[in-house]
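Me: I'd like to learn how to read aromatic pairs and a helix face in a model. Can you walk me through it?

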Amino acid sequence: MKWRNACWEGDHKHLPVEVELDGRAVRPWVTWFIDCAKNAITGAAVTPHQPSRDAVLAALRIALSRDEPIGPYGPIGGLPELVRVDRGKEFLCATVTRALGALAVPVQDLPPAGRS
């Protein structure tokens with residue numbers, strides 16, 4: 001991908017740190033969207049629990065939100081032409097695909113690792 005917002009990819013990562021939440025240690029998750037052309041994070045959300053559609057929708061909202069000329073998080077983000085995900089059910093759920101579909105953004109389900 002050669003231009004900004006041509007394609008984003010979404011994913012989750014379990015962070016190798018512990019934070020205190022309600023008196024107990026938890027390892028948070030980060031959910032993000034990356035602009036493939038610029039290799040930049042367009043939006044992210046951190047949750048204390050395994051990611052679900054709430055984390056995906058929060059990261060997506062940040063990635064799409066550009067209320068200022070250069071955006072509150074820099075010039076990256078806006079409206080992608082395509083979103084690719086690696087078969088994560090949180091990204092492929094009806095709520096997320098409907099939200100992106102309402103913006104005419106197709107979601108591409110990538111094949112499992114090792115297959116093309």
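Me: Are Phe-33 and Phe-91 buried or exposed?

Reply: Both are buried. Keep in mind that this is a predicted model.

Me: How do I describe a pair of rings?

Reply: Use the distance between the centres and the angle between the planes. Here, the count of aromatic pairs is 2. Trp-8 and Phe-33 make a tilted one, at 6.2 Å centre to centre with 50 degrees between the planes. Trp-8 sits in strand 1 (residues 8–14) and Phe-33 in strand 4 (residues 29–35), so this pair links parts 25 residues apart in sequence. Trp-8 is buried, like Phe-33.

Me: What about Phe-33 and Phe-91: why is that pair edge-to-face?

Reply: Planes over 60 degrees apart count as edge-to-face, and these are at 85 degrees, with the ring centres 5.7 Å apart, so the pair gets that label. Phe-91 belongs to helix 2 (residues 89–92) and Phe-33 to strand 4, so the contact ties together parts 58 residues apart in sequence. Trp-8, Phe-33 and Phe-91 form one aromatic cluster.

Me: Now helix 1: which of its residues are buried?

Reply: Ala-55, Val-56, Ala-59, Leu-60 and Ala-63 are buried. Looking down the axis of helix 1, they fall within an arc of 130 degrees, so they line one face of the helix.

Me: And what covers the buried residues of helix 1?

Reply: The cover includes strand 1, strand 4, strand 5 (40–47), helix 2 and helix 3 (94–102).

Me: What span should helix 1 have?

Reply: At 1.5 Å a residue, its 12 residues (53–64) should span 16 Å, and the end C-alpha atoms are 16 Å apart, which agrees.

Notes: Residues numbered from 1 in each chain as written. Predicted model: local features only at pLDDT ≥ 70, side-chain atom pairs only at ≥ 80, totals over all residues. Heavy atoms only, no water. Phe/Tyr/Trp six-rings, centres within 6.5 Å; stacked < 30°, edge-to-face > 60°. Helix = DSSP H or I, 4+ residues; strand = E, 2+ residues; numbered from the N terminus. Buried < 20%, exposed > 50% of the residue type's maximum accessible area, 1.4 Å probe, protein only. Expected span 1.5 Å × (residues − 1). Arc of directions from axis to C-beta. Contact = heavy atoms within 4.5 Å.
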